[in-house]
Amino acid sequence: MGDQQLAFFRYFCHLGLGVEEPTSSLRWNVRPIEIDPAQFQKWLKQTSDKIRSVSAQNASLSLNNDSNQAGKGSRSNIDPKAVHWSQLEVMAQTVIDHSEPEQIPRSAISILRDVSNSAHEHIIQVLERILHRFDAFLSKVTPSTPPANTGDDGRLGMNDINNMFELLHVEQVQGAENEERGDASEAEAGVPKRVKKSQKKGGKKQKQKKQPKEQRVQKRKPKSHDASWVDTFKWVEEEEEEEEEWKEDDYYMLIYCFFQDFNFIRTYVSDRWTEYFYHKSVSPDTLAVVTNAACEMFHEMEIELVTVLCDTPQLADYDFMMQTLFFHYGLDHVDYSDEDKLTDMERKYKILSEADWLGFLGWTNIVQILLFVPPGKVPMIPASAVVHPKYGNHDFEDFRHFTKDAVFDFFPEICITKAMKTNGQLPMVVCAQDELTLDFENVFRTRGYTSATVFALSMYIDIRYILEDQVTDAFDLVQATAENTKAVLEKHIPHLKGSGMLKKECRMRMAEVESFILEDFTEEDKARRFEEKGVTEEFEKHVILKKDPIWSGLLDLRCRLVLANLGCRLVNESPVVLAAAFAYAAPSTDETSSLSWPQMDEFFQVYNRDKILKGPLPSQSVDLLKRFVDHNLATSDRPCIGSSKSLEALYGRYAWETSRPRQSMTYLGEIIRDTLDARADNVLLDGGTEVVKRGANSADEQIARRELSSVSPVQLLEILDETTTSLLENQLSVDLFQLHTESVQLLQKLVGEFSSEVESGAPFLLEENARVDKLPLLLPIIYRSMVDGDEVETSKRLGKAVGGFCSNL
């Protein structure tokens, strides 16, 4: 470990409090995660190595491995046959420069093309550039008929592996001594680029050296000195030491991509919060949904990583992975050359950037909190003693204090919720509780942490730094929404008729809003704990929601989802709104009307006017009323409107809780499927894995399948982002309770206008306490009046009544 990194570690972790320093003793026991990349890389390395060993002109291509070279140093005990992907482009160019196009085996290109369609974008970019070089090189000759073992799409065939060397011929190396010297020289010239990062910190302990390469080669003497090197090539090395070096490469690539995916997600989420801070171009509800989904993805990523490393699960521990990348090998995207030219402050910021990329700052805060809070204890800090984070541009020292203050300003509240759940005062999952607080409760419960928790806390620190004092905006929004939700339910509960279940749920939801949003659900427990400690100082209320914009945003979304769901059920329980829609649309069929009913206009726009009216708007109002009568809509119990699958998925995820702390991510699959359903009905996303039904042959469906197969975590978040925003702007923006109230008012006005016809046709509608769900029977009466009487006069009376209603809104 380098002195600078160790100083940084101590600076942030306060080693005097008992945090263990990272160890330099690493063990490797990881199986290779890909067979095809390893096969192509080993073929490419051996081919380029032998070309360079017999061609003096290519000596300049050997990597300079001078032990005094500035940079990250080298690892003397590394097997030179262990090739790192960062060297592949140089090797590929070596083969191209010293071969004819006809000599390149198509099997190798097929393997490369198949590898280029695998999952890790970071590695694939390198392989794709190599593939372009070979394609350009091979285009110089007329393509021959592809071998039978290669698929129609040019990808890897079943027998390609056996045919890798059928066309490529390299000059034989004369004598075993020349071969041994060539291998030994390559041990110095071909050290992988990433391995040179191993001494980026300077002065770290090295692993125990292995047997020198020259001695190891002697164990594997060829049967004949004249035999071609190709004949002795083996896909899987028999020596345990060489297999171990391949496992180091695989493990490095695996955890590097794991952290890279975390940073891709983190960057997207941070950018969206930044857009809110500067432009208010995105709703806090959308930001909360996307951020919480990102935290869920961190858990899924970690589960997948543990599955891959199931034989040695300790290699999936955050501490081990962080130490491997930060202290022992370094990060592949960081340039460690010319570090001696950096000033102390430049070096500090560079190391801070590396540490932040790994979530190091979130990890140090978790470690310090566990040291600060004994098991089973709840820290009760008076308001006057709380150190709030200072916002603004920070230097190195100020930023360290900001991260600590932001976390310590927040975590005592989670200690309280965890204790209340332990004592049975709260359910295990409170209303729309976010993944971050659930993870933190588990930290105190188990006295441990996962990579997902570290990543989530790192993202929370980002959000606090971005929002500054706007961190309470989401809380202010949910308070206003909760007040409106309570007022709407209080107003309509006395007038709800029919099903008692709807009334019962409305009362339950109103009590929920009061208990968990409008009131501080931790207030009573806090007051008791402060009293026990003899603290009489007033404490701030709603701290956890004020400091956590994710939970506040999810609660705001919950209120909107609940109102939309209850309103949809109210509209569908009786045809009142549907009858009012027909009555409102009828006058506009005869002539251009200036009628404006904002709630109904928005209802038409969101739920499709033609679908609600059972077809396009006819030219005569009588024809529209005839459609209402022919479909028997006055007494129909069929739903008037429905919710999209995406809305139902969000409602199921955030409007209800289960007893499990970890919620299923199937809701995201439903949203993705609903979003892409228009392009490919046969493409599903089931629990993060694409499932394709057979028999879908259309071009659009094939395009959609290809798009789905390459969907990245960030693209999933983008779809979720767009879908949530669309729902907030459309289905969740319609006040169905108010629309129902206004629909009743319109129908009652029409009853008064057509009282003479109503008295002869349905006199019970004239009663003072007439049932609201019977009001739609008025429209068949108006229709018969048009057919049996003066159609024009009846239409004018209808238009006059509707116009008077709209003008009074």
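Modeller: Start at arginine 509. Its relative accessibility is 1%, so it counts as buried. Buried means under 20% relative accessible area, exposed over 50%, and partly exposed in between, with a 1.4 Å probe and protein chains only. Keep in mind that this is a predicted model: local features need pLDDT of at least 70, side-chain atom pairs count only at pLDDT 80 or more, and totals for chains, interfaces and linings use all residues. Residues are numbered from 1 along each chain as its sequence is written, and side-chain values use heavy atoms, with hydrogens and water left out.

Biologist: Which side chain does arginine 509 meet in a salt bridge?

Modeller: Glutamate 512, at 3.3 Å from N to O. A salt bridge here is a side-chain nitrogen of Lys or Arg within 4 Å of a carboxyl oxygen of Asp or Glu.

Biologist: Which residues are linked with them in a network?

Modeller: The salt-bridge network links Glu505, Arg509, Glu512, Arg558, Arg569 and Glu657.

Biologist: How many salt bridges does the count come to?

Modeller: 32 by this rule. Another one joins arginine 400 and glutamate 397, with the closest N and O atoms 3.5 Å apart. Arginine 400 is buried at 13%, while glutamate 397 is partly exposed at 30%.

Biologist: New topic. Which residues touch the most other members of the largest nonpolar core?

Modeller: Phe259, Val269, Leu358, Phe440 and Leu717, out of 127 residues. A nonpolar core is a set of buried Ala, Val, Leu, Ile, Met, Phe, Trp, Tyr and Cys residues joined through side-chain atoms within 4.5 Å.

Biologist: Which helix gives the most to this core?

Modeller: Helix α8 (residues 240–279), with 14 residues. Another core, of 52 residues, lies apart from it, and Val576 and Leu613 are among its members.

Biologist: Where is confidence lowest and highest?

Modeller: Lowest in helix α7 (residues 213–218), at a mean pLDDT of 36, and highest in helix α16 (residues 451–467), at 96. pLDDT is the predictor's confidence in each residue, from 0 to 100. The protein averages 77, and 69% of the residues score at least 70.

How values were computed
Helices (H or I, at least four residues) and strands (E, at least two) are DSSP runs, numbered from the N terminus.
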